Amino acid sequence: MRIVGINLFLYLLSCFSAFSNSVHLSIEDLLLQGQELADNDEFSDSLKVLNQAMGMLKQAPRSNPLRVETEKLIRVVKGRSLVARYRGGNIKSHTDPNALLPLTQESREFKIIQLLGKVLARKVWGSRDELHVGEFIGLGRRITVLPKGGIELTTSSKDDITIRSLQAASFDITGNTRFALHSGSYVIHSMGENSVLSIMSPLVDLVISSTEPFAFMAGVTTNGGMKIISLLGEIELSTDGYKTSLVPGELSFALPDGFSRKMNVELSTLIVTSNLLTDFNQPPVFLKKLRQQAMMQALRTRKRFRTVVGDVKGNDNFELKVLQEERP
């Protein structure tokens, strides 16, 4: 009788595990569907799907990774919906798949050099749900990085631009040196001299230039602006008549009415805490120079606070989290 009881328990446990896995997969499917709807500017339908996923997670702890990601996506989609209404944008329907060009005609401006998890390519040519390292992406594509996913692309031309993104992001490749960032965070690196590139968020069109190789982090904020952190080289930022410059370790928010005040971010902390720098199989090619910049910054600064900078609350207000020092 005891053996039968144990076997029954194991059977019920396996059934529960299978049920849990199926729920897990269905939630991830809903997140994928919600992300795709948002990428097509169908924000109302996207929120319905994401709220359905949230309903399935209502009993899960607040620290559950899927719940955290679902809540984050809901906030992002709500923000994009408000921005679209503010700009008078039209809510679009799904792209007619018959209007897309065949995959055999896709151009080869960008090459995939690193890939994690699930990343999708949409627009212009047929949809691609399975991308692989070494494949090429054409101009005009919309790249959707799903939760737990990541991608790093490099130009196959002389521009020498690389862009990497991780964990729930969406952007359009509008040119060899132009990107429309809809959501998420990015690291962009230019290996050339006298380079100029353009990045757009829902409310800000930003031109970034430098006379030397440079790298920076960019994040789309919930108000439609951007958070920019210089990592390598001095960069000049300009938008609608406003200008500012950043050296490695300086941060500023790009807003529709100009730039926020600058603040300093400790590069040594950023190097070890940023998933964009640590989670890919291969580190950024400029990591050695970034570490040198971190050492130079540490020598210049006597009193330092280990902080992570969050979203923007206005021209002079930011979300800051001070990291506690570990004590032996």
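**A cavity, paired strands and aromatic contacts**

One cavity of 30 Å³ or more is present in the structure. The model is a predicted one. The largest cavity has a volume of about 40 Å³. Its lining is made up of Glu152, Thr162, Arg164, Val187, His189, Pro284, Val285 and Phe286. By type, the lining residues of the largest cavity comprise four nonpolar, two polar and two charged. Strands β6 (161–166) and β9 each contribute at least two residues to the lining of the largest cavity.

The strands β6 and β9 also pair with one another. Their pairing is antiparallel and runs over five bridges. Within it, isoleucine 163 has isoleucine 188 of β9 as its bridge partner. Strand β9 is mostly covered, with five of its six residues buried. β9 has a pairing with strand β12 (residues 214–220) as well, in the antiparallel sense and over six bridges. There, tyrosine 186 stands opposite alanine 218 in β12.

In a regular strand, side chains alternate between the two faces of the sheet. Strand β8 (residues 178–183) has five of its six residues buried, so the rest of the structure largely encloses it. β8 pairs with β7 in the antiparallel sense, over five bridges. A hairpin of two residues joins β7 to β8. Glycine 175 is found opposite arginine 178 in β8. With strand β10 (residues 195–200), β8 pairs in the parallel sense over three bridges. Phenylalanine 179 stands opposite isoleucine 199 in β10.

Serine 183 also belongs to strand β8. Serine 183 is buried, because its relative accessible area is 5% and the limit for buried is under 20%. Serine 183 and arginine 80 are 103 residues apart in sequence. In space, the C-alpha atoms of serine 183 and arginine 80 are 8.5 Å apart.

Aromatic contacts were examined next. A pair of aromatic rings is described by the distance of the centres and the angle of the planes. A search of the whole structure finds three aromatic pairs. One of them is edge-to-face and joins phenylalanine 171 and tyrosine 186, at 5.5 Å centre to centre and 85° between the planes. Phenylalanine 171 lies in strand β7 (residues 169–175) and tyrosine 186 in strand β9 (residues 185–190), so the pair ties together parts that are 15 residues apart in sequence. Both phenylalanine 171 and tyrosine 186 are buried. Phenylalanine 214 and phenylalanine 216 form a stacked pair, with 6.2 Å between centres and 15° between the planes. Phenylalanine 214 and phenylalanine 216 are both buried.

Arginine side chains also meet aromatic rings. The charged end of arginine 108 sits over the ring of phenylalanine 136, 3.9 Å from its centre. Arginine 164 lies over the face of phenylalanine 280, at 4.3 Å from the ring centre. Arginine 164 is also one of the residues lining the largest cavity.

Backbone geometry was considered in two loops. Most residues other than glycine have a negative phi. Glutamine 167 has a positive phi, near 60°. Glutamine 167 lies in the loop between β6 and β7. With a relative accessible area of 29%, glutamine 167 is partly exposed. Asparagine 194 has a positive phi too, near 55°. Asparagine 194 sits in the loop between β9 and β10. Asparagine 194 is exposed, because its relative accessible area is 60% and the limit for exposed is over 50%.

Asparagine 51 lies in helix α2 (residues 43–56). Asparagine 51 counts as partly exposed, at 44% relative accessibility. Asparagine 51 and leucine 31 are 20 residues apart along the chain, and their C-alpha atoms are separated by 9.8 Å.

Technical notes
Residues numbered from 1 in each chain as written. Predicted model: local features only at pLDDT ≥ 70, side-chain atom pairs only at ≥ 80, totals over all residues. Heavy atoms only, no water. Phe/Tyr/Trp six-rings, centres within 6.5 Å; stacked < 30°, edge-to-face > 60°. Helix = DSSP H or I, 4+ residues; strand = E, 2+ residues; numbered from the N terminus. Buried < 20%, exposed > 50% of the residue type's maximum accessible area, 1.4 Å probe, protein only. Lys NZ or Arg CZ within 6 Å of the ring centre and 35° of its normal. Pairing = 2+ DSSP bridges. 1 Å grid on protein atoms, 1.4 Å probe; cavity = no way out; pocket = protein on both sides within 12 Å on 5 of 7 lines; lining within 4 Å. Points joined across faces, edges and corners; volume = space filled by probe spheres on them. Nonpolar A, V, L, I, M, F, W, Y, C, P; charged D, E, K, R; others polar.
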